[in-house]
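Reader: Before we go through the features one at a time, could you show me the chain that we are going to read together?

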Amino acid sequence: MKGINYRVTALYLLLLAGLLNFSHCDVFDKESKVQDPLEEIMEHVEQFKKEATQRGFKLDAKVDALEISVQKRLVVDDEEYCGYVPLTPAGLYSNHVMFATNSGCWGDLSRWSHEVLVFHELGHAILDRAHNEDMFPNGAWVSIMKRRTGFGYTLYGDSNLERREYYIDELFDENTPAPEWAQQ
Ligand SMILES: [Zn+2]
């Protein structure tokens, strides 16, 4: 009898996989040149793992255990977010990372700003970092952990990519010294 049960379960899983696959195609147009947000998010998550490894952190297992979801809009307690990590009942950051794909958030951001947004949320979920609103003398934000990341401003991009290394260093080590460009 166990064999029959197994076959029924396998058939059910096959059907379920087919349904999920179908609904996925339905939501994301395969002809579209715009990359599926979840697919791109996973590329930034892989990059986060590489950046962590390069800095001597062993976080792959923790990153792989994340639960990542995307939705059109993210509104929590009447406030709109581009990315969000819910807290556990104990008040710690959970391993659930949520992203909004609407314009004003993911839909309007460059690929570099997508990276900043994903790294910010992983700063909460993986590194247990809180927000940091500090600014440098030149007016640049000190940290990727600046609140409201994802809303229309960029920390680095094609025009100032030399800033990227500092911001990722600072993400993994809050005591990273201020970079040269921050003094100007
Ligand atoms: Zn945040």
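**Reading the chain, feature by feature**

Author: Leaving aside residues up to four places away in sequence, E67 touches N95 and H96, where two residues count as in contact if their C-beta atoms, placed from the backbone, lie within 7 Å. This is a predicted model, in which local features need pLDDT of at least 70 and side-chain atom pairs count only at pLDDT 80 or more, while totals for chains, interfaces and linings use all residues. Residues are numbered from 1 along each chain as its sequence is written.

Reader: Where does E67 lie, and is E67 buried or exposed?

Author: A residue is called buried if 20 or more other C-beta atoms lie within 10 Å of its own, exposed if 12 or fewer, and partly exposed in between, with C-beta atoms placed from the backbone. E67 lies in strand β1, and E67 is exposed because 10 other C-beta atoms are within 10 Å. E67 and S94 are 27 residues apart in sequence, yet their C-alpha atoms are 9.3 Å apart in space.

Reader: How should I read the pairing of β1, and which order do the strands of its sheet have?

Author: Strands of a sheet pair through backbone hydrogen bonds, either parallel or antiparallel. Helices (H or I, at least four residues) and strands (E, at least two) are DSSP runs numbered from the N terminus, and two strands pair if DSSP finds at least two bridges between them. Here an open sheet of three strands has the order β1-β5-β4, with mixed pairing. Because β1 and β4 (83-84) stand at the edges with a single partner strand each, one side of each is left without a neighbour in the sheet. The pairing of β1 with β5 is parallel and runs over five bridges, and S69 stands opposite M98 in β5.

Reader: How does one read a helix such as α2, and which of its residues are buried?

Author: One may begin with its span, for which the expected value is 1.5 Å times one less than the number of residues. Helix α2 (residues 37-54) has 18 residues and reaches 26 Å from its first C-alpha to its last, close to the 26 Å expected. Its buried residues are I41, F48, E51 and A52. Seen down the axis of α2, these fall within an arc of 95° (taken from the directions from the helix axis to the C-beta atoms), so they line one face of the helix. On the other side of α2, E39, E46, K50, T53 and Q54 are exposed. The buried residues pack against α3 (60-64), β1 (67-71), β5 (96-100), α4 (111-125) and α5 (164-172).

Reader: Where is the pLDDT below 50?

Author: The pLDDT is the predictor's confidence in each residue, from 0 to 100. The mean for the chain is 86, and 80% of its residues reach 70 or more. Over residues 22-30, however, the pLDDT is below 50, and this stretch has two contacts in the model beyond near neighbours in sequence. Where pLDDT is low, the predicted coordinates should not be read in detail.
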